[in-house]
Amino acid sequence: MTGGYDDTDNESDDAYEAAFETHRAALYDLLVAYADEHDLSDGFLALLASDIGLSLRMIAYASETEKPSVGGLRLDLDRFARELGESVRDAKKHAADFIAEAKAAREEEEGEEDDDDDDEDLGTDEGGSDEGGPDETPDDRRS
């Protein structure tokens, strides 16, 4: 595989992790944009991405193995299931942090919406100007 990263590459762990995070972020952004464009739920998107990941793993086995076999594919799928299991276990370990971040992001988003609503409530005076509010004196106005 030209330019790809797999277990046989001689890249350092740091370089591999950097490449992984770069490509993960880019693909994540593409998937989220697609989901937004087509009004797909996060749960549905997760199922689609999982299905695509499984299909790609099977294709990788078939294309990168000199003599692919049914038994070999089954062993590779077992390996893939273990790798996914490790990812899920790691996510569970960090569940409290994730929920705290998600709640904070939600509160921040709701706060921004409230700020937008407050801005809309300010309105303008009868003449269409936003100057000369009830508490403003002529000296408070900008020249």
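The chain has an accessible surface of about 12,600 Å², and 51% of this area belongs to carbon and sulfur atoms; accessible areas come from the Shrake-Rupley method with a 1.4 Å probe, and for residues only the protein chains shown count as cover. The model is predicted, so that local features need pLDDT of at least 70 and side-chain atom pairs count only at pLDDT 80 or more, while totals for chains, interfaces and linings use all residues. Residues are numbered from 1 along each chain as its sequence is written, and side-chain values use heavy atoms, with hydrogens and water left out.

The secondary structure consists of 4 helices and 0 strands, where helices (H or I, at least four residues) and strands (E, at least two) are DSSP runs numbered from the N terminus. Along the sequence the pattern is α-α-α-α. Of the 143 residues, 6% count as buried; buried means under 20% relative accessible area, exposed over 50%, and partly exposed in between, with a 1.4 Å probe and protein chains only. Among contacts (heavy atoms within 4.5 Å) between residues at least 6 apart in sequence, 12% join residues at least 24 apart.

Helix α3 covers residues 70-93, 24 residues in total, and spans 35 Å from its first C-alpha to its last. This is close to the 34 Å expected at 1.5 Å a residue, the expected span being 1.5 Å times one less than the number of residues. Gly72, Asp76, Phe80 and Gly85 are buried in α3, and the buried residues of this helix pack against α2 (42-64). Aspartate 76 of α3 counts as buried because its relative accessibility is 9%. Beyond its neighbours within four places in sequence, aspartate 76 is in contact with Arg57 and Tyr61.

Methionine 58 lies in α2 and is partly exposed, because its relative accessible area is 33%. When neighbours within four places in sequence are set aside, methionine 58 contacts Leu73 and Leu77. The C-alpha atoms of methionine 58 and leucine 77 are separated by 7.6 Å, with the two residues 19 apart along the chain.

Isoleucine 59, also found in helix α2, is exposed, with a relative accessible area of 52%. Together with Phe44, Leu48, Ile52 and Leu56, Ile59 makes a nonpolar surface patch of about 460 Å². Patches are made of residues with over 30% relative accessible area and no salt bridge, like charges being joined within 9 Å and nonpolar side chains (Val, Leu, Ile, Met, Phe, Trp, Tyr) within 5 Å; a salt bridge is a side-chain nitrogen of Lys or Arg within 4 Å of a carboxyl oxygen of Asp or Glu.
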